[in-house]
Amino acid sequence: MNSVLEINSSLKSLVHEFETRMDQASSLRDLEEARVAFLGRKGKLAKIMSAIPGLDSSERPLAGKTANQVKTELTRLLEDKKNELERLAAFRLDPRFDPSLPGRIPDMGSIHPVTRVIQDICSIFTGLGFDIVTGPEVETDFYNFEALNLPPGHPARDMQDTLYITESLVLRTHTSPMQIRTMEKRTPPVAAIAPGKVYRRDSDLTHTPMFHQIEGFLVDEQVSMADLRGTLTAFAQRIFDPGVKVRFRPSFFPFTEPSAEVDISCVMCEGRGRHRDDISCRVCKETGWVEVLGCGMIDPEVFLQVGYDPEKYTGFAFGLGVERVAMLKYGINDLRMFFENDLKFLNQFA
Ligand code: PHE
């Protein structure tokens, strides 16, 4: 070895050889062996450098400088690899662990469609100035029935529908007791909605023993049926579609007078009763309308129960079925979907 060119090329391949060695090293012991073999007193670098004094004096400074750079480079490579191995050891990871593999994507939960509809409805009504109130699912006979003008013997109190805990405690059959609980605590003007679970002894294709309702009510001076209509129409157009039509049908509830059931134009067939391909619409049973809620003007009897003056105040109330709204909004045709917690179904709401 007697020319600067030869020395330079040996140094270059030494660096490559050392890099390969570092790639393969998997322990601190491997590193120490490599250090001795390459950088040690009798190592490969020292051997190449021993040829420098034999060079022409004009070539020595350049060869010496290159050799020193290589030494620095090898030391740095060794140090880097040592840091890497120590880091892996600190995490107790197998040195064969490949940090370049793509990470596992964690399952991101999704909001249940029922929860989502409750949130949507609540935000529409809070936007209209209503408060959100909640109350117990285990309810007394008084709040669930008596105070709502449902006297003993009324068909809605029948054992068929109500799940009794004791003779005077029930699982609430509707969210209407929240009308009483809220009015007892506040003086008009009052505007609130009460979302929550309700229970009935009912279980078939279109009924589950537990489902969700949202109660809404507003009491003030001079509240009229027109206010009820306006509020519910605005609501229906926001939750479904600005073009949806709303229809009020006379009905009966013991705690409202007059009472109505509210239908919206069927969102599946756009109120035509038949789909575009002329197949009949099963959701509205070809009527073009689907029922979404019950409502009415709060009965003066109810006001007397909570100490409001029925001569001074009027108000409206409504109760809607959340699953019903969710089915229409998302085109879900089977109520059981909401309760089976099938991930293939739920993930569609992510
Ligand atoms: N509570 C009634 C039901 O469960 C709905 C309703 C609420 C009707 C408020 C009128 C006023 O069916």
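What share of the 350 residues of the protein counts as buried?

**View 1. Overall dimensions of the predicted model.** Of the 350 residues, 41% count as buried. The C-alpha trace spans about 120 × 50 × 40 Å along its principal axes, and the radius of gyration is 39 Å, whereas a compact globule of 350 residues would have one near 20 Å. The secondary structure comprises 12 helices and nine strands. Among contacts with a separation of 6 or more, 67% join residues 24 or more positions apart.

**View 2. The largest nonpolar core of the protein.** This core has 47 residues, and those with the most contacts inside it are I121, I264, C295 and F318. Helix 5, which runs over residues 113-127, contributes seven residues, the largest share of this core.

**View 3. The surroundings of I264, one of the residues with the most contacts inside the largest core.** When neighbours within four places in sequence are left aside, I264 is in contact with A236, F240, V244, K245 and V246, as well as with G288, W289, V290, V292 and L328.

**View 4. Another nonpolar core, lying apart from the largest one.** This core has 24 residues, and F18, I52, A63 and A67 are among them.

**View 5. The accessible surface and the charged side chains of the protein.** The accessible surface comes to about 20000 Å², of which 52% belongs to carbon and sulfur atoms. The protein carries 42 positive and 50 negative side chains, and a distance of 11 Å lies between the centres of the two sets.

Notes. Residues numbered from 1 in each chain as written. Predicted model: local features only at pLDDT ≥ 70, side-chain atom pairs only at ≥ 80, totals over all residues. Heavy atoms only, no water. Helix = DSSP H or I, 4+ residues; strand = E, 2+ residues; numbered from the N terminus. Rg over C-alpha atoms; globule rule 2.2 N^0.38 Å. Buried < 20%, exposed > 50% of the residue type's maximum accessible area, 1.4 Å probe, protein only. Contact = heavy atoms within 4.5 Å. Areas by Shrake-Rupley, 256 points an atom, 1.4 Å probe, with all protein chains shown as cover. Lys, Arg positive; Asp, Glu negative; His and termini not counted. Charge placed at Lys NZ, Arg CZ, Asp CG, Glu CD. Core = buried A, V, L, I, M, F, W, Y, C linked by side-chain atoms within 4.5 Å.
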